[in-house]
Amino acid sequence: ITTEDLVVNGIRFPAVAHDEESLRYVQHEFQVRDDDVFNVTYPKSGTTWMQEILTLINSKGDLSLYKSSPNWDRVPWVEQKTGRGNLESRPSPRLITSHLPVHMFPKSFFGSKAKLIYTVRNPKDACVSLFFYCQIAEFLKTTENFGDFYSLFMKGDVIYGSWFDHVSGWLSLKDQTNILLMSYEGMLQDPRGSIVKLCNFLGRDLDDVAIDTVVENTSFKNLKNNQMSNYTLVPNEFIDQRKGSFFRKGISGDWKNYFTVAQSEEFDKIFEEKMKNFNLKERFGWD
Ligand code: A3P
C-alpha cells in the first residue's frame with residue numbers, strides 16, 4: 001500500500017484516508033449539528049482513549065456498542081474520505097473525531113452550539129508515540145532512527161502538520177464556552193475526575209455506578225484487550241501489530257528514553273518561543 005502523502009495547505013495527510021475533495025467538502029459543506037460532539041486532537045495525544053470515553057458516556061455505561069463495533073465506526077473521523085455519507089445519515093447525537101487543524105475544520109462548527117473537546121499531550125511524548133506508530137502503520141513513511149524522526153517533527157513535516165501550529169491554532173479558541181481543553185496527563189492522573197468533568201461539560205447525567213463502568217472500561221489495560229479499541233481488526237497490511245502494539249505504553253514521560261539532552265534543550269527553546277502565550281507546562285505539569 002502507498003506511503004504517499006497528500007499535501008494540502010502545506011500539511012501532509014495520509015493518502016490512504018484522505019483526498020482533496022473530501023477535505024474541501026468537510027471544510028465548506030459538512031453541516032455541523034448543534035448536538036454534535038467533537039473529539040479533536042493532534043495524533044497520538046489520546047484520540048482513541050477519548051473515543052472510548054465518549055462512547056461510554058453517551059451510552060451511560062452500557063457496553064454493548066463498545067463491545068460490538070470498532071472505535072472508528074462509533075466515533076468516526078470527519079475528514080476521512082469514507083466519512084461523508086456515513087456521518088450525514090447518522091442519527092443525533094453524533095460523536096465525531098478529527099485531527100484537522102483549526103483552519104481546515106468544518107466552517108459550520110463556528111457559530112454552532114456543537115461541543116468540542118480538544119485533548120493535548122506533552123509534545124515530546126506525542127513525538128515518541130508517533131515515531132513508534134509510524135513503524136507499525138504501513139501507510140506512513142518511517143525513519144529508521146528516532147533522531148531523524150525528531151527532525152521531521154520539529155519541521156512539522158509529519159502527518160497533520162506541526163504540533164506547535166495545531167495546538168496554538170486550537171488553543172486560541174479555548175475560552176469559547178462550547179470548547180473544553182483536556183490533557184492526556186490530567187486523564188492519566190485522575191481518570192474518574194476527568195470523566196466527571198466531561199459529563200458535566202456534555203450535560204450528561206451518569207450515576208456513580210455508570211461512571212465507574214466508564215472508568216474501568218477505558219483503562220489502558222482494558223482498551224488494549226478490547227478488539228473493538230485496539231486496532232487488531234485492521235489487517236496487517238495497514239497496521240502491522242506484529243511489529244509493535246498500537247497500545248504501546250500508555251504513560252507520560254517516556255520521551256526521556258528517546259530524546260538526547262541536546263534535542264530536549266532545543267525542543268524547550270522552540271516550545272518557549274512558540275507556545276509562550278499558553279502556560280501549558282505549568283498547567284499540565286509537562287517536563
Ligand atoms: P503511547 O504510544 O505513548 O503508548 P492516539 O489514540 O491519539 O493515537 O494515541 C495513542 C496513544 O495513547 C498511545 O500512546 C496509547 O498507548 C495511549 N493510550 C490509549 N489509551 C490509553 C489509556 N486508556 N491510558 C493511557 N494511555 C492510553
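Me: What amount of space lies in the second largest pocket, and what makes a space a pocket?

Reply: About 320 Å³ of space lies in the second largest pocket of this predicted model. On a 1 Å grid over the protein atoms alone, a pocket is an open set of points with protein on both sides within 12 Å along at least five of seven lines, while a cavity is a set of points where a 1.4 Å probe fits but cannot get out. Points are joined across faces, edges and corners, and the volume is the space filled by probe spheres set on them.

Me: Which residues line the second largest pocket closest to its centre?

Reply: Of its 21 lining residues, the closest to the centre are Ser 183, Glu 185, Gly 186, Gln 189 and Phe 284. A lining residue has an atom within 4 Å of a point. Helix H9 (184-189) is among the elements that give two or more residues, and H9 gives the most, with 5. Helices (H or I, at least four residues) and strands (E, at least two) are DSSP runs, numbered from the N terminus.

Me: What is the make-up of this lining by class?

Reply: The lining of the second largest pocket has 6 nonpolar, 9 polar and 6 charged residues. Here Ala, Val, Leu, Ile, Met, Phe, Trp, Tyr, Cys and Pro count as nonpolar, Asp, Glu, Lys and Arg as charged, and the others, Gly among them, as polar.

Me: How many cavities of 30 Å³ or more are there?

Reply: The structure holds 1. About 40 Å³ of space lies in the largest cavity, and H13 supplies the largest share of its lining, 3 residues.

Me: Why is Ser 129 called buried?

Reply: Ser 129 has 11% relative accessibility, and buried means under 20% relative accessible area (over 50% is exposed, in between is partly exposed; 1.4 Å probe, protein chains only). Ser 129 therefore counts as buried. This residue lies in helix H6.

Me: What are the ground rules?

Reply: Residues are numbered from 1 along each chain as its sequence is written, and side-chain values use heavy atoms, leaving out hydrogens and water. Local features need pLDDT of at least 70 and side-chain atom pairs count only at pLDDT 80 or more, whereas totals for chains, interfaces and linings use all residues.
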